[in-house]
Amino acid sequence: MSKKFFIIFSFAVFTFLPLQADVLRCRSGIIIGAELTMANVNIASLSTLGFPQMPINRCYAIISIKPDDLRSFSIFDYTLQVAGLEFPCVAIWRNGKFEYFTDSVEASAPQQLLFIIDSKVISDNKSIDITLKSKLNDPDGKWDIVVPFTVIGNKPPTAISRIPARGILELSEE
């Protein structure tokens, strides 16, 4: 009986592992994509008053999250930290575009958050590790997570509808 259990258990583990191989967990759910682009990303209703410290040399960081059940998102939930600098979220994907929207968005489908960061802090590598910092009552930083962002050059970010359920993160196998 134990040999049969071991075989079934092993099969289940090896079947499940590939489905979770390219995702990271954050406070709101599972991160399924993280990209940096130099292409201009249009943001509807962006408030320059809300972001007076906007970088002159811009790079756009897009993080895609599959939310856990009963989770909502807002642009105030996260910041990105790179090279000792912190950059706020400026928009969320809704109504077919990135939009500056200050209310919470409730959805079970994957969501995309957009950050504008200073392109001077980005290296020439294909990937750069950036810390996603939770602002959801997390004073000790236990939900801060290092995310490998793929640098996609001047290409537009991957549309949320084109990201497979298993994600598009390029995680190192350590």
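Biologist: Is Cys89 buried or exposed?

Modeller: Cys89 is buried, at a relative accessible area of 2%. This is a predicted model. Cys26 is buried too, with a relative accessible area of 1%.

Biologist: How many disulfides does the structure hold?

Modeller: Look for paired sulfur atoms, with a cut-off of 2.5 Å. The count here is zero.

Biologist: On to charges. How many salt bridges does a search of the whole structure find?

Modeller: Start with the general idea. Oppositely charged side chains can pair when their charged atoms come close. In this structure the search turns up four salt bridges.

Biologist: Which residue forms a salt bridge with Asp68?

Modeller: Arg25 does, and the closest N and O atoms are 2.9 Å apart. Now place both ends on the chain. Asp68 sits in the loop between strand S4 (58–67) and strand S5 (72–73), and Arg25 in strand S1 (residues 24–26), so this pair ties together parts 43 residues apart in sequence.

Biologist: What relative accessibility do the two partners have, starting with Asp68?

Modeller: Asp68 has 26%, which counts as partly exposed. Arg25 has 42% and is also partly exposed.

Biologist: Where does Glu86 find its salt bridge?

Modeller: Its side chain meets that of Lys135, at 2.8 Å from N to O. Glu86 belongs to strand S7 (residues 85–94), while Lys135 is in the loop between strand S11 (127–134) and strand S12 (145–151), so the pair joins parts 49 residues apart in sequence. Glu86 is partly exposed, at 37% relative accessible area. Lys135 is partly exposed as well, at 41%.

Biologist: Which residue forms a salt bridge with Glu99?

Modeller: Arg94, with 3.0 Å between the closest N and O atoms. Here, check burial at each end. The cut-off for buried is under 20% relative accessible area. Glu99 is at 12%, so it counts as buried. Arg94, at 21%, is partly exposed.

Biologist: What about a buried charge that has no salt bridge, such as Glu35?

Modeller: First find the nearest side chain of opposite charge. For Glu35 that is Lys155, 7.4 Å away. Next, locate the residue. Glu35 is part of strand S2 (residues 29–37).

Biologist: Now the rings. How many aromatic pairs does the whole structure have?

Modeller: The search finds two. Read a pair by two values: the distance between ring centres and the angle between planes. Phe51 and Tyr100 lie 5.8 Å apart, centre to centre, with 85° between the planes, and the pair is edge-to-face. This pair links distant parts of the chain, 49 residues apart. Phe51 is in the loop between strand S3 (43–44) and S4, and Tyr100 in the loop between strand S8 (97–99) and strand S9 (105–106). Phe51 is buried, at 12% relative accessibility.

Biologist: What is the geometry of the rings of Trp93 and Phe98?

Modeller: Their centres are 5.0 Å apart and their planes meet at 80°, so this pair is edge-to-face. Trp93 is partly exposed at 31% relative accessibility, whereas Phe98 is buried at 4%.

Conventions. Residues numbered from 1 in each chain as written. Predicted model: local features only at pLDDT ≥ 70, side-chain atom pairs only at ≥ 80, totals over all residues. Heavy atoms only, no water. Helix = DSSP H or I, 4+ residues; strand = E, 2+ residues; numbered from the N terminus. Buried < 20%, exposed > 50% of the residue type's maximum accessible area, 1.4 Å probe, protein only. Lys, Arg positive; Asp, Glu negative; His and termini not counted. Phe/Tyr/Trp six-rings, centres within 6.5 Å; stacked < 30°, edge-to-face > 60°.
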